[in-house]
Amino acid sequence: MTETGDIMTDKIRWGILATGAIAATFTRDLQTLPDTEVVAVGSRSQSSADRFAEQFDIRRSHGSWAALAADDEVDVIYVATPHSAHHDAAALCLEMGKPVLCEKAFTRNHAEAVALIDLARSRGVFLMEAMWMRTIPLVKRMAGLILDGAVGDVRLVNAAFGLEGPFPPEHRLRDPNLAGGALLDLGVYPVALAQLILGPPATISARAVLTPEGVDETTTMLFGYDEGAAATLSCSIAASTATTAVVSGTRGRIELAAPFFRPSGMSLHRQDSVETFAVPHRGHGMVHEAEEVMRCLREGKTESPLVPWDSTLDVMATLDEIRQQIGVRFPGE
């Protein structure tokens, strides 16, 4: 990659930090783009990095995160570790001057998120939460319709994301050491959707059923807003949900097809009319967040206007409050 002033040109070279399922999915999407190249992968295990590199025909593999962060051939790094390691992995990359796309939930808690964003700001390095939902074409279209008053004043957001399981006790979703539980893995989506539409809530009421390990198995949330709006949200690692979402206003409603965080279809209901929209996402859907990262890098930005730092911090503050109410605390916090 070359630079002209602050503008990046040619192919942007990605490094992948971690080798799990989400890293594989993101890499597949990256490899469909003509203006990018996945040049390196890093893991805490050289053998794991080597297997991932062989699977995706990546020419450089590193047996440590530090080696990946120090790789001069890498322009930007995607952090795909469990939540518990997001802060340390992303901070290592930022300290080395590497732009970062960090999976969500962005960190374990609000304090870690503040620390990462402060570091990115002080170093002048790009950082973005991988809240791909906000970059999906149909979600952007929905936000535009709401902004244009298509449903009037929004009064209610309903969304749920649940997986049937069962997940064994040793699974990462039940491991408190990995910041497991339904909320940070699944609940972050309905929370982020509600806050995309309505902003941070004035009041939060949450209840949960916990696993024997002490993470949340099923969590329900009610958000209240000073303007009279509300959001009813839920997440579960023990019950499958329809994974649809409905945004209801004073003049109509928008229904997002499943999965609401990556929809290909939605409908706008107003009085006796129904208007349907079909805007397919590309690949698995992660293409769009990758394109947003690369657009920002080429324009010399340190922050994405589609996934701004303030929105990430607001969601993390909400997740902290929910965890406090339901009694979930992770080791080391």
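This is a predicted model: local features need pLDDT of at least 70, side-chain atom pairs count only at pLDDT 80 or more; totals for chains, interfaces and linings use all residues.
Two strands are taken to pair where DSSP finds at least two bridges between them.

Strand β7, which covers residues 100-102, pairs with β8 in the parallel sense over 3 bridges, and leucine 101 stands opposite methionine 128 in β8. Both strands belong to an open sheet of 6 strands with parallel pairing, whose order is β5-β4-β3-β6-β7-β8. Because β5 (60-62) and β8 (127-129) each have a single partner strand, they stand at the edges of the sheet, and one side of each is left without a neighbour in it. On average, and with direction ignored, neighbouring strands of this sheet are turned by 25 degrees against each other. Helix α2 (residues 46-56) packs on the sheet, where the helix touches β3 (12-17), β4 (36-42) and β5, and its direction makes about 155 degrees with that of β5.

**Helices α4 and α5**

How do the axes of helix α4 and helix α5 cross, and at roughly what angle? The axes of α4 (residues 86-95) and α5 (residues 110-123) come within 10 Å and cross at roughly 5 degrees; since angles under 35 degrees count as roughly parallel, α4 is roughly parallel to α5. On the α4 side the contact is made by His86, His87, Ala90, Ala91, Leu94 and Glu95, and on the α5 side by Glu112, Ala115, Leu116, Leu119, Ala120 and Arg123. Sorted by class, this contact of α4 with α5 has 7 nonpolar, 2 polar and 3 charged residues.

**Two residues in their surroundings**

Alanine 120 is found in helix α5, and threonine 218 is found in strand β11, which covers residues 216-224. Alanine 120 counts as buried because its relative accessibility is 0%, whereas threonine 218, at 26% relative accessibility, counts as partly exposed. Leaving aside residues up to four places away in sequence, alanine 120 touches Leu94, Val125, Leu127 and Trp309, while threonine 218, counted with that exclusion, touches Arg207, Ala208, Val209, Cys235, Ser236 and Ala238. The side chains of threonine 218 and serine 236 are also joined by a polar contact of 2.8 Å.

The table sets out, for each of these residues, a separation along the chain and the C-alpha to C-alpha distance.

| Residue pair | Apart in sequence | C-alpha distance |
|---|---|---|
| Alanine 120 and aspartate 75 | 45 residues | 15 Å |
| Threonine 218 and glycine 181 | 37 residues | 8.4 Å |

Key:
Residues are numbered from 1 along each chain as its sequence is written. Side-chain values use heavy atoms; hydrogens and water are left out. Axes are lines fitted to C-alpha atoms, for helices over the stretch in contact, and angles run from 0 to 180 degrees between N-to-C directions. Helices (H or I, at least four residues) and strands (E, at least two) are DSSP runs, numbered from the N terminus. Angles under 35 degrees count as roughly parallel, over 145 as roughly antiparallel, 65 to 115 as roughly perpendicular and the rest as oblique. Contact means heavy atoms within 4.5 Å. Ala, Val, Leu, Ile, Met, Phe, Trp, Tyr, Cys and Pro count as nonpolar, Asp, Glu, Lys and Arg as charged, and the others, Gly among them, as polar. Buried means under 20% relative accessible area, exposed over 50%, partly exposed in between (1.4 Å probe, protein chains only). A polar contact is a pair of N or O atoms within 3.5 Å; within protein, one must be able to donate a hydrogen and the other to accept it, and residues adjacent in sequence count only if both atoms are side-chain atoms.
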